[in-house]
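Welcome! Take a look at the sequence and the model, then read on.

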Amino acid sequence: MLYLALLVWAPLPLGSNRPWAWALLAIWVLALALCWLAGYINGRYAYPTILGDTWPMLLCGLLWLGYVWLQLIPLPVDFLEMLSPQAARWHIAAAAPATPGAAPLTLDAHATLEAACKSTAYIAFFALSLILLQDRGRIRFAAYALIASGVLQALYGSLISLQSAGDVAAGTFANRNHYAAYLTMCLSVGIGVLIANLSNEQGQSWGRFFRNLIRWVISPKMALRLGLVVMVIALVLTRSRMGNISFFISLLVTGVIGLLLAKRATKSMVILLVSLIAVDVFLVGTYFGTQRVIERIARTTMKAEDRGEHAAWTVDMWKDYPVFGSGLGSFPVVYPRYAGEKAWWTYTHAHNDYLEFGAETGVIGLSLLGLMVLLSFAAALRAQYLRRDPLMRGLSFAAMMGILALMIHSFVDFGLQIPANALTFMLLLAFAWISLHHGRNNA
């Protein structure tokens with residue numbers, strides 16, 4: 001219950017993007033992990049075999065944590081000059097007139113310490129998800145908890161937006177784009193659960209198909225379908241350009257992958273995917289403002305947007321710290337030197353997760369993060385091809401769609417810097433591995 005409560009709580013205090021909120025989130029996760037570890041040591045819990053199956057991902061996660069904490073360790077200045085000349089230069093300048101005997105890779109030790117604590121909590125949550133979601137009932141509870149959180153967020157955000165004419169929906173998040181990213185992940189899981197609940201009969205007659213369809217309409221599954229509609233309405237009301245684009249592109253791409261790997265797609269799955277696009281996009285979206293989102297996209301120009309310039313300045317920053325970065329979380333301190341007075345306002349993030357992680361952790365850090373995501377996507381893709389269990393196929397669909405959507409959105413935003421989104425994303429990565437390895441001998 002505490003694990004499920006954590007999923008619902010995470011987005012409530014402004015996406016947990018405040019010091020007290022992310023600290024509570026980290027303590028919550030680590031307390032759950034330590035409780036399980038104590039039970040395992042005392043013999044109350046058995047060692048989950050899935051941890052052995054997911055060793056490549058766990059190894060990358062441990063290497064990432066080791067690398068981030070390494071950025072905090074003071075190194076001899078001569079050695080630091082070989083690893084990161086620019087970092088050594090700034091540490092020497094800050095210590096003038098005395099020369100420091102040792103200094104860390106990071107240029108902002110406090111921010112990197114915070115980021116290292118967050119990273120530790122995220123990796124622990126991933127491992128905890130693998131450990132706790134060992135049976136089908138728990139997997140479904142976790143999926144439905146995330147869907148319920150998404151529906152509550154959608155209802156709250158939509159009501160506030162519709163009551164205040166002209167306001168965009170942002171839910172309990174401070175930024176509508178981060179809210180859109182969260183809704184996209186919840187929608188991905190919701191669609192995956194819907195697919196898992198579809199009839200798996202092949203070659204059934206159209207008469208039988210429509211009888212099953214009517215039963216489905218009057219069943220509790222219809223409540224799930226209506227929940228997805230509510231979340232789509234909220235997503236459109238965010239007016240987030242990339243939030244909506246990433247959702248629809250990921251749905252189309254993952255839908256095509258799912259149909260191709262199904263070898264013989266059921267009528268139910270085809271009808272569901274068509275209805276998701278037709279009903280949600282064209283009917284619901286038209287009424288609640290898809291046209292306004294399209295107009296925002298059409299008005300977007302390089303002259304109107306300054307994100308391109310900021311991306312270029314972030315690349316300049318990365319060039320000075322190419323291999324080891326300037327320290328995870330150090331962007332707000334280091335970046336102003338590259339933007340200077342040319343920036344209209346101060347950016348605390350790069351509006352591009354790839355560039356920000358690259359500048360802060362260098363090629364090594366970005367490679368480790370990228371490998372974790374690619375391994376998880378490959379696991380979900382393999383599960384979509386190998387598994388015949390409807391729940392595992394639905395779970396792999398959810399993981400692929402959510403991962404793809406966040407990767408697209410991250411090109412123009414910093415959604416993964418928001419603790420609630422990062423935590424939810426780790427659950428999607430866990431779903432990818434669970435869908436491949438859970439009950440493998442049975443299906």
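**A first look at the rings**

W36, Y40, Y45 and Y47 are linked into a cluster by ring pairs. Please keep in mind that this is a predicted model.

**Aromatic pairs**

- The count of aromatic pairs comes to nine.
- One of them joins W36 and Y40, which are stacked, with 5.3 Å from centre to centre and 10° between the planes.
- W36 and Y40 are four residues apart in helix 2, so about one helical turn separates them.
- W36 has a relative accessible area of 13%, and because buried means under 20%, W36 counts as buried.
- Y40, with a relative accessible area of 33%, is partly exposed.
- F331 and Y335 also form a stacked pair, because their ring centres are 4.6 Å apart and their planes meet at 15°.
- Both F331 and Y335 are buried.

**Charges over rings**

- R44 sits over the face of Y45, 5.8 Å from the ring centre.
- Y45 also belongs to the cluster that ring pairs form with W36, Y40 and Y47.
- R337 lies over the face of Y338, and here the distance to the ring centre is 5.0 Å.

**A buried threonine in a loop**

- Where is T54 found? T54 is in the loop between helix 3 (49-53) and helix 4 (55-70).
- Is T54 buried or exposed? T54 has 0% relative accessibility, so T54 counts as buried.
- A polar atom of the T54 side chain lies 3.0 Å from the backbone oxygen of I50.
- Leaving aside residues up to four places away in sequence, T54 touches L130, W433 and H437.

**Helix 1 and its neighbours**

- In helix 1, which spans residues 2-9, the buried residues are Y3, L4, L6 and L7.
- Looking down the axis of helix 1, you find these buried residues within an arc of 155°, so they line one face of the helix.
- Which helices do the buried residues of helix 1 pack against? Their partners are helix 2 (19-41), helix 7 (109-132), helix 8 (136-163), helix 9 (176-196) and helix 20 (419-437).

Key: Residues are numbered from 1 along each chain as its sequence is written. This is a predicted model: local features need pLDDT of at least 70, side-chain atom pairs count only at pLDDT 80 or more; totals for chains, interfaces and linings use all residues. Side-chain values use heavy atoms; hydrogens and water are left out. Buried means under 20% relative accessible area, exposed over 50%, partly exposed in between (1.4 Å probe, protein chains only). Helices (H or I, at least four residues) and strands (E, at least two) are DSSP runs, numbered from the N terminus. The arc is that of the directions from the helix axis to the C-beta atoms. Contact means heavy atoms within 4.5 Å. A polar contact is a pair of N or O atoms within 3.5 Å; within protein, one must be able to donate a hydrogen and the other to accept it, and residues adjacent in sequence count only if both atoms are side-chain atoms. Rings of Phe, Tyr and Trp (its six-membered ring) pair if their centres lie within 6.5 Å; planes under 30 degrees apart count as stacked, over 60 as edge-to-face and the rest as tilted. A charge sits over a ring if NZ of Lys or CZ of Arg is within 6 Å of the ring centre and within 35 degrees of the ring normal.
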